[in-house]
Amino acid sequence: MNNFSPNTNDILFSQLEILPSIQSSIVIPVKNEETYIVKTLNSFAQQVDILGEPLPVDQFEILILANNCSDNSVAYIKDFQTKHPDLNIYLEEITLPSAQANIGYIRRKLMECAYLRLAKNGGGIIVTTDGDTIVAQDWIAQTYWEIENGAECVGGRILLADDELEGLDEYTRLHHFKDEKYHLLIAELEARIINSSFDPLPRHHQHFNGSFAITTDCYYRSGGVPVVNQLEDCAFFERLESVDAKIRHSWKVKVYTSARCIGRTEIGLSYQLNEWKNLGKQVDEYFVESCPSIINRLTIKKNLMILWEIKERPDFDFYQEVGKIALEMALNDEMYETFKNSRYFGEWYEKIIKSKQVNGQEEFPAVHIDKAIKDLMIKLKEYAHHNLPQTSIL
């Protein structure tokens, strides 16, 4: 189990007391975002509840960490603070050495800070977005709704802003649409096979920092954001899965982000857009995981989940039950001990995958994305009451 133990001597915003009414702390890392930051902050000025009524501004605070900025971002943020004194927007500026000047470090420090601030109020919701992203008018309220209805974490739908999308060249836009459709189809197939009670259809595939929320209780249980230089949201998601966090991929929670091809990280959306831009007309080189491979992977996971769910039965026999679900596993004492001693299913599943204890699987070669999309759509039509609206984006 990961232990969450932030360095309380190095906590940001420590001179600013949290209001007792605050339910959520929204963290935004900023580095040279003068083009977008005012639009981002403006989207918080008119937040409404799920009925469309104004959301009380004393329910949330916004913590902005401006690191190593060399443009007008800080000046714009300060000007916005002056013009919107009703909003609880707090800003800190720092200059970091190169070893720490990465988004993984910044996001982790901000989320630790938010956790400690909310703990003073008995807990709450840590929410994160980016300095080039506009949140929907009901973004906060819909996040609250999902958590009130059983989620511990909420991944919002991250869409490219319309004007940004129009600015992409034809082939980059086409690759983006295909990639979105492919992953949405996988998300639907996963929902059909895994059948999660807390992440049902309609759902999507995104759990990234452009729109992500987590309860303080779940944040503590997970041990916090792993120490990585980039793709901290992916590393964090894996950690959350390892502690069986209830992660909801909500269509109600939406943000609209930039489509810049040069971003603030070496790997991320901007990196992917740039890769697609470079791919251009070479559509024949766009290969992805095949439908059979995806089904095989998800079916194995579901079968292991079934095994885990019945482990407490008085008559449970590990080796017998494995045989019933026809899994080809490395059945030995070590495998059984791993199963018996793991606290969470996700923890056990992670160990199995990393040690390759599920073996004898057929190798599935990658296929062109067009074939993968076609095969996934055919497979999904085999399920009763299938509805395609969420995936029909081309």
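**Structure briefing: sheet, cores, salt bridges**

Asn 32 sits in the loop between strand E1 and helix H1 (37–42); helices (H or I, at least four residues) and strands (E, at least two) are DSSP runs, numbered from the N terminus. Phi of Asn 32 is near 50 degrees, a positive value in a residue other than glycine. The model is predicted, with local features needing pLDDT of at least 70 and side-chain atom pairs counting only at pLDDT 80 or more, while totals for chains, interfaces and linings use all residues. Residues are numbered from 1 along each chain as its sequence is written, and side-chain values use heavy atoms, leaving out hydrogens and water.

**Sheet**

- An open sheet is formed by eight strands in the order E3-E2-E1-E4-E7-E6-E8-E5, with mixed pairing; two strands pair if DSSP finds at least two bridges between them.
- Strand E3 (89–94) and strand E5 (133–135) are the edge strands, each pairing on one side only.
- From one strand to the next, the twist averages 25 degrees; axes are lines fitted to C-alpha atoms, for helices over the stretch in contact, and angles run from 0 to 180 degrees between N-to-C directions.
- Strand E2 (residues 60–67) and E3 run parallel and are joined by six bridges.
- Opposite Ile 64 stands Leu 91 in E3.
- Helix H3 (residues 103–119) packs on the sheet and touches strand E1 (24–30), E2, E3, strand E4 (125–128) and strand E7 (212–215); contact means heavy atoms within 4.5 Å.
- The direction of H3 makes about 160 degrees with that of E1.

**Nonpolar cores**

- A nonpolar core is a set of buried Ala, Val, Leu, Ile, Met, Phe, Trp, Tyr and Cys residues joined through side-chain atoms within 4.5 Å.
- Buried means under 20% relative accessible area, exposed means over 50%, and partly exposed lies in between (1.4 Å probe, protein chains only).
- The largest nonpolar core has 31 residues, and those with the most contacts inside it are Ile 26, Phe 44, Phe 60, Ile 62, Ile 64, Trp 139 and Ile 140.
- Not counting residues up to four places away in sequence, Ile 62 touches Ile 26, Ile 28, Phe 44, Asn 88, Ile 89 and Tyr 90.
- A second, separate core has 30 residues, including Ile 11, Leu 118, Phe 212 and Phe 236.

**Backbone features**

- Phe 13 has a positive phi of about 60 degrees although it is not a glycine.
- Phe 13 lies in the segment before E1 and counts as buried, at 0% relative accessibility.
- Leu 201 and Pro 202 are joined by a cis peptide bond, with omega about -5 degrees.
- Pro 202 is in the loop between helix H6 (170–194) and E7.

**Salt bridges**

- Side chains of opposite charge can pair when their charged atoms come close.
- A salt bridge is a side-chain nitrogen of Lys or Arg within 4 Å of a carboxyl oxygen of Asp or Glu, and by this rule the count comes to 22.
- Arg 248 forms a salt bridge with Asp 199, and their closest N and O atoms are 2.9 Å apart.
- This pair links distant parts of the chain, 49 residues apart: Arg 248 is in strand E8 (residues 247–257), and Asp 199 is in the loop between H6 and E7.
- Arg 248 is buried, with a relative accessible area of 9%, and Asp 199 also counts as buried, at 5% relative accessibility.
- A network of salt bridges links Glu 146, Glu 190, Asp 199, Arg 203 and Arg 248.
- Lys 351 and Glu 347 meet in a salt bridge through their side chains (3.5 Å, N to O).
- Both Lys 351 and Glu 347 lie in helix H13 (residues 345–355), four residues apart, about one turn of the helix.
- Lys 351 is partly exposed, with a relative accessible area of 35%.
- The side chains of Lys 354 and Glu 350 also meet in a salt bridge (3.9 Å, N to O).
- Lys 354 and Glu 350 are four residues apart in helix H13, so about one helical turn separates them.
- Lys 354 is exposed, with a relative accessible area of 66%, whereas Glu 350 is partly exposed, at 28%.

**Around Phe 364**

- Phe 364 is in the loop between H13 and strand E10 (367–368) and counts as partly exposed, at 25% relative accessibility.
- Phe 364 and Glu 289 are 75 residues apart in sequence and 8.0 Å apart in space, C-alpha to C-alpha.
- Phe 364 touches Ser 290, Pro 292, Ser 293 and Asn 296, not counting residues up to four places away in sequence.
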